[in-house]
Amino acid sequence: MESNANLLEKLSLSGHGHGHGHSHGHGQCCDHEHEPDVHIEPYTSSNKFADRSKFKVEFINDQFVELDGIRYVKYKDETQMPLIIDLITRDLSEPYSVYTYRYFIHNWPHLCFLAMDNEECVGAIVCKLDRYKESLRGYIAMLAVHEKCRRKKIGSNLVTLAIKAMIEHDADEVVLETEITNKSALNLYENLGFVRDKRLYRYYLNGVEAFRLKLWLN
Ligand SMILES: CC(C)(COP(=O)(O)OP(=O)(O)OC[C@H]1O[C@@H](n2cnc3c(N)ncnc32)[C@H](O)[C@@H]1OP(=O)(O)O)[C@@H](O)C(=O)NCCC(=O)NCCS
């Protein structure tokens, strides 16, 4: 999850006409670029996205996919915003304002997915994609699965869908931050081929450190 300190900077920039495509050099990356790298691993063949033909999750008619009774849908319109906010707010150490959700979802609606159990939203992922140095960098800003539905691969499927969408938009890499104590998230992402790229000190307002995880796509 993105830290609020970084978001504040990003949102103030987007409010001055630096929205989609202009966050290069700001936000989650530049604040920490000079922190020491503690763990860098090269690209490995364990990267599950190296072979793009192996995606399990595919949309039917570009609309939805249903797996184990859960329907995965693309973000459609503002009526879904409260569902996403309610779900993600449950797990946040740093609650986001509605403007934060709008910043991501309005700029990159094609990188937001919901997992629906009938009418109930039980999972959501919110991302962005923009240029960083020479790369087109995907960024997973928020991911949550309802407590009662965890450990059924809903989180992994949402991440897979988001990465697939990023690949369709020519992403070179995907990054995210998560608290170093968040074992579930670390396991989930590392299972999908992400590696620990950096350790970010005092990243969150609560003082907890973060790992930046990274997946190379080519
Ligand atoms: C992290 C989170 C999204 C995982 O969602 P999920 O649907 O339960 O994850 P999956 O079922 O896809 O799990 C995939 C793998 O992640 C790991 N994992 C998931 N939950 C775990 C847990 N409680 N303990 C240890 N490993 C866990 C496992 O390796 C798991 O594979 P396995 O079940 O075959 O062992 C969910 O726990 C959550 O919403 N947490 C609160 C919000 C959060 O931390 N978001 C991530 C911020 S970056």
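Is Trp-108 buried or exposed in this predicted model? Trp-108 is buried, with a relative accessible area of 0%, where buried stands for under 20% relative accessible area, exposed for over 50% and partly exposed for anything in between (1.4 Å probe, protein chains only). The model is a prediction, and local features need pLDDT of at least 70, side-chain atom pairs count only at pLDDT 80 or more, and totals for chains, interfaces and linings use all residues. Residues are numbered from 1 along each chain as its sequence is written, and side-chain values use heavy atoms, with hydrogens and water left out.

On to the overall layout. The protein chain has 5 helices and 8 strands, taken as DSSP runs numbered from the N terminus (helices: H or I, at least four residues; strands: E, at least two). Along the sequence, these follow the pattern α-β-β-α-α-β-β-β-α-β-α-β-β. Of the 218 residues in the chain, 50% are buried. Contact here means heavy atoms within 4.5 Å, and among contacts with a separation of 6 or more, 67% come from residues 24 or more positions apart. The accessible surface of the chain is about 10800 Å², and carbon and sulfur atoms hold 50% of it; such areas come from the Shrake-Rupley method with a 1.4 Å probe, and for residues only the protein chains shown count as cover.

Next, the core. In soluble globular proteins, nonpolar side chains tend to be buried together. A nonpolar core is a set of buried Ala, Val, Leu, Ile, Met, Phe, Trp, Tyr and Cys residues joined through side-chain atoms within 4.5 Å. The largest one here has 66 residues, and the members touching the most others are Ile-84, Tyr-101, Ile-140, Val-159, Tyr-189 and Phe-194. Helix α4 (residues 154-168) is the top contributor to this core, giving 9 residues. Tyr-189, once its neighbours within four places in sequence are set aside, contacts Ile-140, Leu-143, Val-159, Leu-176, Phe-194 and Leu-213.

Back to Trp-108 and its aromatic partners. The whole structure holds 5 aromatic pairs; rings of Phe, Tyr and Trp (its six-membered ring) pair if their centres lie within 6.5 Å, with planes under 30 degrees apart counted as stacked, over 60 as edge-to-face and the rest as tilted. One of the pairs is Tyr-103 with Trp-108, edge-to-face at 5.5 Å centre to centre and 75° between the planes. Phe-104 also pairs with Trp-108, and the centres of these rings are 6.4 Å apart with planes at 45°, so this pair is tilted. Tyr-103, Phe-104 and Trp-108 make up one aromatic cluster. Tyr-103 is buried at a relative accessible area of 5%, and Phe-104 and Trp-108 are both buried too.

What about the ligand? It is surrounded by 20 residues, with Val-145, Arg-151, Lys-153, Ser-156 and Asn-182 the closest; a residue is near a molecule if one of its heavy atoms lies within 4 Å of it. A polar contact is a pair of N or O atoms within 3.5 Å; within protein, one must be able to donate a hydrogen and the other to accept it, and residues adjacent in sequence count only if both atoms are side-chain atoms. A polar side-chain atom of Ser-156 sits 2.5 Å from a ligand oxygen, while a polar backbone atom of Val-145 is 2.8 Å from an oxygen atom of the ligand. For Arg-150, a side-chain N or O atom is 3.4 Å from a ligand oxygen. Taken alone, the ligand exposes 910 Å², and the protein buries 80% of that.

Gln-80, found in the loop between β2 (70-74) and α2 (81-89), is buried at 11% relative accessible area. Its side chain reaches the backbone nitrogen of Lys-76 at 2.5 Å. Beyond neighbours within four places in sequence, Gln-80 contacts Val-73, Lys-74, Tyr-75 and Leu-114; the C-alpha atoms of Gln-80 and Leu-114 are 8.7 Å apart, though 34 residues separate them along the chain. Arg-212, in strand β8 (residues 210-216), counts as buried at 1% relative accessibility, and its side chain makes a polar contact of 3.1 Å with that of Glu-177.

Finally, a word on the backbone. Most residues other than glycine have a negative phi. Asp-68 is not a glycine, yet has a positive phi of about 50°; Asp-68 lies in the loop between β1 (64-67) and β2 and is exposed at 76% relative accessibility. Arg-151, also not a glycine, has a positive phi of about 70°. Arg-151 lies in the loop between β5 (135-145) and α4 and counts as exposed at 86% relative accessibility.
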